[in-house]
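Visitor: Please take a close look at a single part of this structure and describe how its residues are arranged. I would welcome one connected account.

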Amino acid sequence: MSQAKKKNFKIEPFKHKVEMDPKYAEKTWKILEDAIHEIYNHNASGLSFEELYRNAYNMVLHKYGEKLYSGLVNTMTQHMREIARTVEAAQGGLFLEELNSKWCEHNKSLQMIRDILMYMDRTYVNNFNKTPVHELGLNLWRDNIVRSPRIRDRLLHTLLDLVHRERTGEVINRGLMRNITKMLVDLGPTVYQEDFERPFLDAASDFYRVESQQFVETCDCADYLRKAEKRLNEEIDRVTHYLDAKSEPKITAVVEKEVIGNRMKLLVEMENSGLVSMLIDDKYDDLGRMYNMFHRVSTGLQTIRDLMTAHLRDTGRQLVLDPERLKDPVEFVQRLLDEKDKYDKIIQLSFGNDKTFQNALNSSFEYFINLNVRSPEFISLFVDDKLRKGLKGVSEEDVESVLDKVMMLFRYLQEKDVFEKYYKQHLAKRLLSGRTVSDDAERSLIVKLKTECGYQFTSKLEGMFTDMKTSRDTMQGFNATLAGSETNEGPTLAVQVLTTGSWPTQSGARCNLPTEILSMCDKFKQYYLSTHTGRRLTWQTNMGTADLKATFGNGNKHELNVSTYQMCILCLFNKADRLMYREIEQATDIPASDLQRSLQSLACVKGKNVLRKEPMSKDISEDDVFLVNDKFSSKFYKVKISTVVAQKESEPEKQETRQKVEEDRKPQIEAAIVRIMKARRLLDHNNIISEVTKQLQARFLPNPAVIKKRIESLIEREFLERDSVDRKLYRYLA
């Protein structure tokens with residue numbers, strides 16, 4: 001297959017010289033110049049745009065581009081000056097209308113001229129770095145009209161005056177304003193910014209500085225914020241209707257600075273209407289408005305947060321340290337919960353669930369709850385009250401809600417181990433007296449505590465429930481044994497066998513039980529030890545209760561629900577009509593403080609006074625004489641006689657509880673020190689203090705002085721040693 005030969009093409013020059021008409025350029029430009037005049041004079045309908053385009057094309061093609069371009073500049077400049085004179089002559093409100101009208105006409109004319117000179121735009125302008133026709137038309141308009149000495153200031157003043165009139169309530173021609181500002185934007189961003197935006201922002205700043213001062217002098221905080229919000233929305237609306245979109249952040253920044261930023265402190269601290277007043281009166285809408293407005297200023301939310309925190313801490317301090325409120329622990333805790341609910345609602349409804357405000361609320365509660373060393377005890381008493389009677393007939397969801405609130409307060413406690421101590425005591429009393437509202441509620445709270453603090457925190461509490469179940473099984477076996485061996489009627493015994501380590505039992509609780517009761521106790525002890533090896537039983541008479549059937553002198557019969565101590569006292573009156581205090585003390589061997597409280601309950605409480613006391617008084621003394629109250633009556637057959645006891649601990653009991661807590665902390669601190677040193681091997685004193693505090697703060701905040709003593713103890717027992725050179729450095733001994 002043969003390959004085709006390639007042919008080379010060559011364009012040869014004309015054989016003869018082509019000569020142009022020497023006046024060609026002048027004639028052609030004259031045609032184009034006349035056409036431009038006709039366009040500006042609105043007589044373009046008779047023009048042949050195709051012919052005009054060809055003329056412009058030929059001029060550029062024949063190297064007359066410079067003549068065409070310079071002629072265009074001169075002709076358009078001439079027309080701009082004529083338009084400027086017309087605009088300058090317009091009076092009053094016609095000024096902007098005339099300017100707008102001429103601008104629209106100029107744009108139409110410019111479009112036609114650009115179409116005619118399109119070839120010049122594409123070639124000559126690009127090759128010689130000239131300004132394109134459309135841009136040239138805008139620049140000439142800018143320089144000869146908008147920035148004309150007699151138009152520039154007048155235009156700015158007119159625009160600012162219209163804006164001011166609108167701010168003061170007048171209705172203006174927004175469409176005309178939009179056209180003029182768009183013209184400035186079209187002429188280039190610098191024209192809009194320099195010739196209008198900057199003076200506009202300065203004028204707005206002056207206007208709002210004066211107005212905000214007037215508002216401050218005449219309005220309360222809520223009214224001021226409503227007006228500020230209205231002004232801000234008006235400015236945003238103004239941008240939407242007739243300003244450049246890029247002006248929005250700038251004008252809003254001006255309003256925010258003058259109306260909010262410069263007045264923040266004054267607003268939040270306004271007497272009877274500022275932030276504190278809004279918080280006290282739950283003004284959700286006003287607080288929400290304040291949050292939204294202050295959010296726009298860099299330090300705005302910090303200002304609200306700081307004042308709210310200061311107010312909350314002050315209120316909380318008064319709440320937890322007020323001697324009157326400390327008289328009722330349940331009311332004390334309820335007030336804390338109400339306060340927390342109040343601020344939770346404010347943060348949710350007004351502050352958009354802002355985490356920083358929630359954190360401020362939490363830190364404030366943690367601060368003032370721990371100002372009162374009895375807060376752990378009071379929270380436990382609150383739980384005790386709710387689980388004894390406060391949650392009867394309440395739905396499961398509401399029970400969970402109350403328990404969740406308790407857990408929320410529990411998290412704020414720095415001494416969680418103190419709460420555990422009291423909670424264990426109160427739980428023990430509820431379980432042993434059978435006065436808990438719901439086992440499910442009790443277990444639910446323990447699960448929550450376990451989730452919060454770990455297994456170790458609740459292991460003993462769970463052991464208490466295990467003991468209660470085991471005791472029920474043991475009693476079934478014991479009663480079955482009794483049923484099989486004896487039929488005589490006697491006292492019925494119900495025993496709860498408690499594991500020593502799990503329950504807050506008291507050592508040395510003593511009491512001489514009545515003979516018939518003692519006999520039953522011995523039988524139970526014999527049964528229990530026969531079924532369990534290696535165990536020892538110790539009777540905790542201070543924790544028991546008894547049901548007695550009593551017949552009084554007037555023939556009234558009642559069933560009395562009393563404590564074990566009260567039972568021992570009342571049984572003495574089966575053999576005696578009157579007994580002195582010393583005789584009762586000697587016969588029962590009940591500790592003096594418990595005996596006095598028991599006698600107070602039996603003789604001094606109105607409606608429960610099954611005994612009489614001579615002489616009659618509220619206090620018990622060693623010379624008192626006690627008799628059966630033959631005139632005792634009650635509308636109930638079953639009468640519960642509670643032991644007179646302070647709901648809160650007495651001072652010695654408080655000291656004892658505190659001492660127990662401190663003792664329990666020592667091994668925990670030592671264990672933490674050993675764990676840290678085992679891992680680090682060598683550590684200085686300050687770092688040990690820091691690490692131990694960090695490890696134990698979930699349960700309590702250890703005292704640095706106590707940590708130091710535990711370190712000394714560990715050194716004595718050769719767990720640690722001091723460095724021979726640096727005495728503040730400790731070394732772990734394996």
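**A close look**

Guide: In this predicted model, Glu88 touches Ser148, Arg150, Ile151 and Arg154, leaving aside residues up to four places away in sequence. Glu88 is found in helix H3, which covers residues 65-89, and with a relative accessible area of 17% it falls under the 20% cut-off and is therefore buried.

Because Phe478 lies in helix H23 (residues 455-485) and Tyr527 in helix H24 (residues 515-531), the pair ties together parts that are 49 residues apart in sequence. Both Phe478 and Tyr527 are buried. Phe524 and Tyr528, by contrast, form a stacked aromatic pair, with 6.0 Å from centre to centre and 25° between the planes; both of these residues lie in helix H24, where they are four residues apart, about one turn of the helix. Phe524 is buried, with a relative accessible area of 1%, and Tyr528 counts as buried at 5% relative accessibility. Ring pairs link Phe478, Phe524, Tyr527, Tyr528 and Trp539 into a cluster.

Definitions and conventions. Residues numbered from 1 in each chain as written. Predicted model: local features only at pLDDT ≥ 70, side-chain atom pairs only at ≥ 80, totals over all residues. Heavy atoms only, no water. Helix = DSSP H or I, 4+ residues; strand = E, 2+ residues; numbered from the N terminus. Buried < 20%, exposed > 50% of the residue type's maximum accessible area, 1.4 Å probe, protein only. Contact = heavy atoms within 4.5 Å. Phe/Tyr/Trp six-rings, centres within 6.5 Å; stacked < 30°, edge-to-face > 60°.
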